[in-house]
Amino acid sequence: MIKKFFIKLHTSLDKHPAAFMIVLSLMLNCFIELMGRRSVVSLAVHIATRPHIFLLNTSIITCTFLLAIFAVRRAFAVLLISSFWIICGIINFAVITFRASPFTARDLFLLGYGLRIADVYVPPLLMAVIIVALIALTAGTIIAFIKLPKIRSRPKLTRAICIILPVVALLALLASVAAPGSKDIVTNGVIDAYNDYGFAYCFTSSLLSSGIDKPDNYSMETVSEILAALDNESQQIAQEPASEQPQAESSYSNIIFVQLESFIDPAIVEGLFLPDDPIPTFTNLKEFCPHGYLNVPVVGGGTANVEFEVITGLSSRLFALGECPYDSILRKRGCESIAYNLKDLGYTATAIHNHNGTFYSRNIVYSNLGFDRFIPLEYMSDVSYTPVGWAKDSVLTDYIERCLEATDGPDFVFAVTVQGHGRYPNDFDDYATDVPAILGLDNISPGAVEYYVSQLNETDSFIGELIDFLEDSDEDMTLVLYGDHLPALSLSDDNLTTGSIYQTEYVIWSNFDLDTDTDTENLYSYELTAYVLDMLDIDSGIITKLHQSDAISSDDVSLLTTLGYDMLYGENYANGGDDAYIPTELELGLDRIAIKDAYVDDDGTYIEGENFTAYSVVFLSGQRIETEYVDDGLLHIQNTLSEGDVITVGQSGPDRVVLSYTDEYVIP
């Protein structure tokens, strides 16, 4: 029966290829949209309310089948293309499940990152199922290639054109009528864009587009006009009477930004009832510190895009749909940032993250953003981990304190936490925080919420410890705390008192009186840095001046688009055509790692030194050696070294990229 079925399909494909592919495209589009919307009702509503969009996506899928018309193994080509779309639909379903936002073509460039943390998201049994499925898929593809018949003769060119032209014409017509502009789809946000315009269109758009679109009015004159307006405004402020000017006493305060992974106040979740406040420190800060809601561009994941916005003042929605500037343009060139701007005032800029240094290419990007030093997980000692394997945030306190104490001048420290990251397992039940009731949230597991809330509580304790240290300091300290995005708990706008899945919270604490006229201000994440610097009477940097001026509002980002394009993709007129942001010589780690001695024992060789970590690896004449970490002063390898052997120790994470090496040591 199966054989007869496939023979019938092949016959239909051979006789009526265009009709067959269109019908198949309709079926595939239904499947893909069902996976993304996760509901038959939602799919039906989408088709009924936006039929032109549904047909547009169907036409895009159909176009991918057109090359199969010329293939000798047409049936195999159709099967291969169909498998691609089916796999995309399944991956989209899985990605939405784990991180809330959909699958984009840009995720293919982040595949290496995903594989590194797959063990956190995917249980061992499911991982085994995936591996078996991939093996079966590969075997099935090989068998299909061998077994599926060839066509008797290639179609004539005229017949092929008669088949292809109507489909292309339909796509062009639908695109002209239904397709949104590139700016519309990006500004819409990834989740809303996929819901409004369908998977095939958005996925294709994210594959074909990148960077910031060139503004229609882009020219040297346009950029010069923007800069002149900002300069005039700065001069007017400078000419104000002294009593009306902001006080400058806090201008050289140490500035610490802490980006809190998936951090929210659980009180904003409708129907979630907790016996105690899991974040009492953060709640208390909101009582007497400047604070507000922060509009961020991502949900459930995409930490680096929020980080990019806060550091640069540029909106990630200026870029292509799903693009992460950290893994595109910022790998190649520098960009104006708070680090560069503060360094002009004598600040030392340090980035700290209790996760692997190569994640989102931070070991490269932070150099292009002007940081002097970067302390990733590979250079940290005494790290504790959550049950699912993320480093706990308590380790950051010591490194932030030591960075502030290591310099005589003012410091800018940008720390990124990771403890609150998903996945949130629902099979753990031994936490201090109980979840007595979750009402109206059938898609959220009480166990997952209990785990998440417990991690929030520990991060809040880290905040309290950090503030205790800063409060006792003799130097001025300004601390900015903010959540990067909502957790991946399948929350929707209707589940939240804020009414938006794109809102987190921020709070600004200091050990002196900040110059501010308001205790509450809602901001976009790309406005946060300029807002804080304004309190400190700092306006260094073109983008900072733009946000602090009256020339731009949250509803009009045309000037920001022009300057962003100019600095990253254009002629850099804003900086006189020069490359003003030369990458720094990024120092990795806070403590110097060094080899002091080595000796042979019965079970191999022991290397003595200082500041080793669990990520320290011994290299013998450039070859990696399996290394056992004993403590921060001792490593062990099973190899027996001899006189004259040359060894080094490198810091290397799960991806085996070596971030730095010690000086060579020759065995005496």
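Start by selecting cysteine 335: its relative accessibility is 1%, so this residue counts as buried (buried is under 20% relative accessible area, exposed over 50%, partly exposed in between, with a 1.4 Å probe and protein chains only). Cysteine 63 comes next; this one is partly exposed, at a relative accessible area of 23%.

This is a predicted model, in which local features need pLDDT of at least 70, side-chain atom pairs count only at pLDDT 80 or more, and totals for chains, interfaces and linings use all residues. Residues are numbered from 1 along each chain as its sequence is written, and side-chain values use heavy atoms, with hydrogens and water left out.

Stay with the cysteines. The disulfide count is zero, by a rule that asks for a pair of cysteine sulfur atoms within 2.5 Å.

The order is 12-13-17-16, with antiparallel pairing. Strands are DSSP runs (E, at least two residues), numbered from the N terminus; two of them pair if DSSP finds at least two bridges between them. Strand 12 (594–601) and strand 16 (628–631) are the edges: each has a single partner strand, so one side of each lacks a neighbour in the sheet. From one strand to the next, the twist averages 25° (axes are lines fitted to C-alpha atoms; angles run from 0 to 180 degrees between N-to-C directions).

Zoom in on strand 16 and strand 17 (residues 634–637). Three bridges join them in the antiparallel sense. Glutamate 628 stands opposite histidine 636 in strand 17.

Finally, colour by pLDDT, the predictor's confidence in each residue, from 0 to 100. The protein averages 84, and 82% of the residues score at least 70. Over residues 237–250, pLDDT stays under 50. For that stretch the model has 13 contacts beyond four places in sequence (contact means heavy atoms within 4.5 Å).

Key:
Helix = DSSP H or I, 4+ residues; strand = E, 2+ residues; numbered from the N terminus.
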